[in-house]
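Colleague: I am new to this structure and would like to learn how its features are read. Could we go through them one by one?

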Amino acid sequence: MIVIADGGSTKTNWCLINEAGRKILFNTEGYNPYFSKTDYIVESLRKSLPDHLEVDKLLQVNYYGAGCSTDTNRKIVADAMQQVFPNAEIYVGHDLLASCRALLGDEPGFAAILGTGTNSCLYDGTDITLNIDSLGYFLGDEGSGCFIGKKILSDYMKGYMPKGLRESFYDNFALTNEDIFDHIYNKPLPNRFCAGFSKFLYDYKENYEDYTFNTIDFAFSAFFDNLVTHYPNYKSYKLNCVGSVGYSFRDILSVVADRYEMGIGKIIRSPIDDLVNYHLHVAKKTQI
């Protein structure tokens, strides 16, 4: 049995392929090694894995995760996986590579992640050839759920949000300015806290179309200005994207991409299905 996992900062999508070739999907929380260390990942996984999953029988774990771009961070996750899946061969890669494989397979192109965080790259069909660092939630991550969430929180706290939406925000979350400061500066996982408010905006977008459009347009324009337009000949590529934010607001993403003269390619919420198909395709080629 093998497992393939795509891990964002908020949620990890897993697919177990058993001896009969059957796919079994399940989810756990996300494990970004910048915020979650080995002991935490081990404890969380052991609580979250399905009861029927026989971890001792797993032979291979292919885990692609947010934050897994350095040897140090990959080791944090690999050590946790080895403890949870003791008999498996462990592979830990970056979630950006998973996105490339899901979106483009073995074809070259441009791939991006617009979820809790942001990332982007050029891909040659095998490897990532150029990646402009998004710098994370504190210094960058333009276009991400966290970036959008910070704008929403700022508008709420300053009183810039439309009155009715501001009242709905308080009805949903009952957060004071002091509460928000406490979450951001004192509590763990502030990126996940901020990103959650992008869903709030999505839920109310039909009643506040102008505010929603302006907020998301601001975020996606920042994504293009600070990241996409700095790739050589970016207009010659199509924008292929994975992530809940890019998928949920794909109508606005298309408007912004058109403004920057970039075509839209494949936009999906989660890469897991296409990523599994990629691995099955590779395994089949290896057997031939």
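Modeller: What follows takes up the sheets, then some loop residues, and then a pocket.

Modeller: This is a predicted model, in which local features need pLDDT of at least 70 and side-chain atom pairs count only at pLDDT 80 or more, whereas totals for chains, interfaces and linings use all residues. Residues are numbered from 1 along each chain as its sequence is written, and side-chain values use heavy atoms, with hydrogens and water left out.

Colleague: In what order do the strands of the sheet with E1 stand?

Modeller: Helices (H or I, at least four residues) and strands (E, at least two) are DSSP runs numbered from the N terminus, and two strands pair if DSSP finds at least two bridges between them. Here five strands form an open sheet with mixed pairing, in the order E3-E2-E1-E4-E5. Its edge strands are E3 (23-29) and E5, each of which pairs on one side only. Neighbouring strands of this sheet are turned by 15 degrees against each other on average, direction ignored, where axes are lines fitted to C-alpha atoms, for helices over the stretch in contact, and angles run from 0 to 180 degrees between N-to-C directions.

Colleague: How many bridges join E1 to E4, and which residue stands opposite Gln60?

Modeller: Strand E1 (residues 2-7) runs parallel to E4 and is joined to it by six bridges; Ala5, for instance, has Tyr63 in E4 as its bridge partner. Strand E4 (residues 60-65) also pairs in the parallel sense with strand E5 (residues 89-94), over six bridges, and there Gln60 stands opposite Glu89 in E5.

Colleague: Which helix makes a β-α-β unit with E4 and E5?

Modeller: A crossover is right-handed if, with the strands pointing away from the viewer, the path from the first strand over the helix to the second runs clockwise. Helix H2 (residues 71-84) makes such a right-handed β-α-β unit together with E4 and E5.

Colleague: In what order do the strands of the sheet with E8 stand, and why is one side of E8 left without a neighbour?

Modeller: Five strands form this open sheet too, in the order E8-E7-E6-E9-E10, and the pairing is mixed. Strand E8 (128-130) and strand E10 (263-268) stand at the edges with a single partner strand each, so one side of each is left without a neighbour in the sheet. On average, neighbouring strands of this sheet are turned by 35 degrees against each other, direction ignored. Strand E7 (residues 118-123) pairs with E8 in the antiparallel sense over two bridges, and the bridge partner of Leu122 is Leu130 in E8.

Colleague: Which strands does H3 touch in this sheet?

Modeller: Contact means heavy atoms within 4.5 Å. Helix H3 (residues 95-104) packs on the sheet, where it touches strand E6 (109-114), E7, E8, strand E9 (238-242) and E10, and its direction makes about 125 degrees with that of E6. Helix H11 (residues 250-259) lies across E6, E9 and E10, running at about 155 degrees to E10.

Colleague: What is the phi of Leu135, and where is Asp141 placed?

Modeller: Most residues other than glycine have a negative phi. Leu135, in the loop between E8 and H4, has a positive phi near 75 degrees. Asp141, in the loop between H4 and H5, is not a glycine either, and its phi is positive at about 55 degrees.

Colleague: With which residues is Glu107 in contact, leaving aside its neighbours within four places in sequence?

Modeller: Glu107, found in the loop between H3 and E6, is then in contact with Tyr123 and Gly125.

Colleague: Which residues lie nearest the centre of the second largest pocket?

Modeller: On a 1 Å grid over the protein atoms alone, a pocket is an open set of points where a 1.4 Å probe fits, with protein on both sides within 12 Å along at least five of seven lines, and lining residues have an atom within 4 Å of a point. The second largest pocket is lined by 13 residues, of which Lys150, Phe181, Ile184, Tyr185 and Cys194 lie nearest its centre. The largest share of this lining, five residues, comes from H5.
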